[in-house]
Amino acid sequence: MAQRPDAAELLAIARQTLLERLLPALPADQKFDGLMIANALAIAGREIRDQSASQGRVAARLAALYDEVMPSDAAEIAPMLARLEARLARDIRAGRFDGDAALRRTVFEHLWATAQDRVAISNPKALADEPAGDRS
Amino acid sequence: MDDVAGRARLAAWIAQAAGTTSVAIDRLERMSGGAVQENWALDLTLDGAPLALVLRTTAPGAVTESRTRADEWALLRAARSVGVSAPEPLWLCTDPAITGRAFLVMRRLAGIAAGHRLIRNPFIADDRTALVAELGRQLARIHRITPDSHAAAPLGFLGKASFEPASALVRSIRHYLDGRGDAHPALEWGLRWLDQRARPTAEPVLAHRDFRTGNYMVDETGLTGILDWEFAGWSDPHEDLGWFCAKCWRFGAAPEAGGMASRAAFYGGYEAESGRVVDPELVTYWEVMAHARWAAITLQQAERHLSGAQPSLELALTGRITDALELDILAMTGG
């Protein structure tokens with residue numbers, strides 16, 4: 001349904017043009033602004049592409065953790081997510097997952113997968129730093 | 001401040017503070033730097049002699065954790081009194097009528113501070129092991145200032161020292177999170193870990209609390225000074241050791257002490273000068289704390305942009321650093 005080039009494609013070419021044509025012409029004291037704009041465009045492009053799938057996975061894991069049903073109406077996913085994230089945050093702070101090792105593992109795996117998905121959008125280079133499975 | 005009338009007011013105030021009639025402002029130019037502090041390069045001719053200075057003031061509505069210019073003035077003087085390499089403060093103005101906000105004028109240091117530039121520059125800091133050992137020694141001198149020491153007498157604004165700085169910081173970050181409308185379960189995971197392992201400190205010391213690559217200046221001769229004293233407070237000495245060695249403050253470089261050299265070099269300098277023994281487990285604890293505290297600050301900085309208080313691309317992008325910090329926290333506290 002989207003017109004082409006779509007949002008992500010427009011952002012990609014805008015970023016490329018900025019880097020190839022504008023940045024070399026910017027005075028030294030404005031290059032940092034140019035690089036920040038390029039970064040913002042890259043993040044926005046990845047978010048448009050990946051956000052809703054990633055959010056769906058987070059919601060599904062939280063629904064499973066709290067024994068809730070995933071809403072059939074997509075519009076209800078975001079409010080459910082906000083509610084369950086708040087509940088998870090409160091439970092973690094209260095130490096509700098300290099005792100049961102299996103439950104603790106499940107919660108950790110959820111947090112880990114969520115953080116990885118988010119870093120894949122905001123700074124994928126940071127993913128290369130994290131050794132897979134190193135949780136010590 | 002940057003207009004003709006502003007410069008005239010500033011020159012007149014400086015003349016009065018310096019006790020002279022002969023002051024000319026040759027240059028007043030905003031320096032590149034953080035989104036919250038404003039540093040202006042100020043070149044004067046005072047009594048016929050050139051002075052290279054920095055005028056330091058705060059962007060409207062600063063991070064509430066940071067100190068006033070008057071406090072920073074006292075901290076710089078106290079640090080220098082125990083032999084720490086820090087900019088020499090010259091004049092303090094608390095009257096908002098001169099530039100609109102309080103400001104501090106200090107001697108300008110030679111060199112560069114910017115983390116990315118420093119780490120990648122092959123000519124500056126060619127002996128990084130020596131530099132990091134020197135930074136360890138400098139930190140040890142800062143930590144010489146304890147609440148009962150003579151040097152601490154003008155530092156009453158720091159309040160009473162807590163013997164439980166770790167618990168206090170966890171509490172303060174949780175309190176901040178509670179004031180927001182959103183939830184951060186990964187950060188809460190880290191805070192729970194920190195809360196469970198918090199130990200009292202045997203000896204609260206003056207901690208710089210932002211002692212890291214990016215906040216010290218280096219030229220071809222080596223370290224020229226330690227900057228950005230606005231977050232200083234009483235804490236466990238390992239808070240500063242942990243902040244300096246934290247992964248989030250290595251600018252992507254491999255060496256674990258500030259992205260510049262080994263922990264052994266850093267701890268070695270610190271231990272030799274302080275007579276203390278560094279507890280590596282405690283450093284690790286405070287590295288986790290560093291990530292949690294910096295994560296909370298990134299949320300706070302993003303909010304400054306989002307609320308409209310200070311629209312800024314830099315602040316906005318800072319808000320997208322939080323995700324990587326949470327991933328780091330999980331990597332350090334999992335299992």
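B:D210 is buried, with a relative accessible area of 8%, and in this predicted model its side chain forms a salt bridge with B:R212, the closest N and O atoms being 2.9 Å apart. B:R212 also counts as buried, at 15% relative accessibility, because the limit for that class is under 20%. Elsewhere in chain B, salt bridges that share partners link B:R56, B:R69, B:E72, B:D228 and B:E230 into one network. Over all chains, the count of salt bridges comes to 35.

B:D178 is exposed, with a relative accessible area of 51%, whereas A:R93 is partly exposed at 21%. In the other, B:R192 and A:D98 form a salt bridge whose closest N and O atoms are 2.4 Å apart. B:R192 counts as buried at 18% relative accessibility, while A:D98 is partly exposed, with a relative accessible area of 25%.

Turning to the aromatic side chains, a search of the whole structure finds 11 aromatic pairs over all chains. The rings of B:W193 and B:Y285 have centres 6.1 Å apart and planes at 20 degrees, so that the pair is classed as stacked. This pair links distant parts of the chain, with B:W193 in helix 6 of chain B and B:Y285 in helix 9 (residues 280–306) of chain B, 92 residues apart. Both B:W193 and B:Y285 are buried. B:Y285 also pairs with B:W286, with the ring centres 5.8 Å apart and the planes at 80 degrees, so this second pair is edge-to-face; B:W286 is buried as well. A charged side chain also meets aromatic rings, for B:R293 lies over the face of B:F231, at 5.8 Å from the ring centre, and over the face of B:W243, at 4.5 Å from the ring centre.

The nonpolar interior comes next. In soluble globular proteins, nonpolar side chains tend to be buried together. The largest nonpolar core has 49 residues, of which B:I145, B:L206, B:Y216, B:W229 and B:F266 touch the most other members. Among the elements that give two or more residues to this core are helix 2 (69–81), helix 4 (128–142), strand 7 (216–219), strand 8 (222–226) and helix 8 (263–274) of chain B. A second, separate core of 27 residues includes B:L169, B:L194, B:L282 and B:W286.

B:F266 deserves a separate look. Leaving aside residues up to four places away in sequence, B:F266 touches B:V132, B:L135, B:G136, B:L139, B:F211, B:L241, B:F244, B:C245 and B:A257. B:F266 is also part of one aromatic cluster with B:F211, B:Y216, B:F244 and B:Y267.

Key: Residues numbered from 1 in each chain as written. Chains lettered and ligands numbered in written order. Predicted model: local features only at pLDDT ≥ 70, side-chain atom pairs only at ≥ 80, totals over all residues. Heavy atoms only, no water. Core = buried A, V, L, I, M, F, W, Y, C linked by side-chain atoms within 4.5 Å. Buried < 20%, exposed > 50% of the residue type's maximum accessible area, 1.4 Å probe, protein only. Helix = DSSP H or I, 4+ residues; strand = E, 2+ residues; numbered from the N terminus. Contact = heavy atoms within 4.5 Å. Salt bridge = Lys/Arg side-chain N within 4 Å of Asp/Glu carboxyl O. Phe/Tyr/Trp six-rings, centres within 6.5 Å; stacked < 30°, edge-to-face > 60°. Lys NZ or Arg CZ within 6 Å of the ring centre and 35° of its normal.
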